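Let us walk through the charged side chains of this protein and look at how they pair up. Keep the structure open beside the text as you read.

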Amino acid sequence: MNFDRLVMTAAAAWTLGACAPAATSQTTAPAPEPGDPAAVAAAAARATVPASPRQLNFGWELDEAGARFRGRGVARMVAPTRFRLDLFGPRGETYLAAALVDGEARVPPALAQRFRLPSPALLWGVVGVIAPPADARVLSAAADGAVTVLRYQLGDDVLEYRTRDGRLQSVRRSARGGTAESIDLEYNASGLASARYRDWAAYRTLNLTLESSTDVPSFPEQTWTPPGA
């Protein structure tokens with residue numbers, strides 16, 4: 001088993017932004033028309049977008065078919081357009097430095113052949129942000145009390161988002177009739193506390209535990225281009 005490839009494939013799936021609390025945008029929008037799925041979906045997405053740039057520090061633990069690895073990481077984001085992820089091992093060694101800018105992955109060529117980043121929609125989901133691809137089509141959007149369920153068609157796949165009280169609770173990507181990947185988020189009184197990413201076919205589970213989350217005024221532009229990318 002290639003440890004670097006394992007860590008970067010699964011951890012990138014989870015941790016590009018891993019544990020941000022779902023802060024509500026400062027902009028107040030009109031309530032959507034109940035019969036308009038696109039308007040319901042847009043309103044639910046807006047409610048999950050943090051109001052400012054954010055830096056996250058987290059611990060991660062990966063279970064790959066019984067083999068376990070762990071480390072720490074830092075994610076920086078300006079939702080829903082920019083991510084920077086750095087992953088470190090138990091001795092502080094760098095496993096990954098990558099960025100996502102407007103849906104485009106920026107990865108040093110030395111790493112590009114060693115793993116493939118998940119879709120931007122899934123990456124944003126792990127930080128509690130609903131950001132489906134521009135070409136995704138709304139299949140349904142239904143609000144029932146505090147719970148809203150959104151479903152999007154994306155090629156042959158279906159993305160399902162579930163929110164409660166404006167916070168993203170889970171994301172499912174279904175392919176060929178079954179769940180391919182999933183994200184489940186848990187909250188405490190301070191916000192998001194932990195999250196779990198699963199790749200069901202690969203028997204891979206990545207658990208992330210938030211250590212700190214800080215709103216910042218901005219990040220330098222060079223943040224979004226990792227060295228060598």
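This is a predicted model: local features need pLDDT of at least 70, side-chain atom pairs count only at pLDDT 80 or more; totals for chains, interfaces and linings use all residues.

A salt bridge is counted here when a side-chain nitrogen of Lys or Arg lies within 4 Å of a carboxyl oxygen of Asp or Glu.

Is Glu 181 buried or exposed? With a relative accessibility of 10%, Glu 181 counts as buried, because the word is used for residues under 20% relative accessible area.

Turn next to Glu 61, which takes part in a salt bridge with Arg 68, where the closest N and O atoms are 3.9 Å apart, and in another with Arg 70, where the N to O distance is 3.3 Å. Glu 61 itself is partly exposed, its relative accessible area being 28%, whereas Arg 68 is exposed at 56% and Arg 70 is likewise exposed, with a relative accessible area of 53%. Both arginines are called exposed because their values, 56% for Arg 68 and 53% for Arg 70, fall over 50%.

Which residues are linked with Glu 61 in a network of salt bridges? Asp 63, Arg 68 and Arg 70 are the residues linked with Glu 61 in that network.

Notes. Residues are numbered from 1 along each chain as its sequence is written. Side-chain values use heavy atoms; hydrogens and water are left out. Buried means under 20% relative accessible area, exposed over 50%, partly exposed in between (1.4 Å probe, protein chains only).
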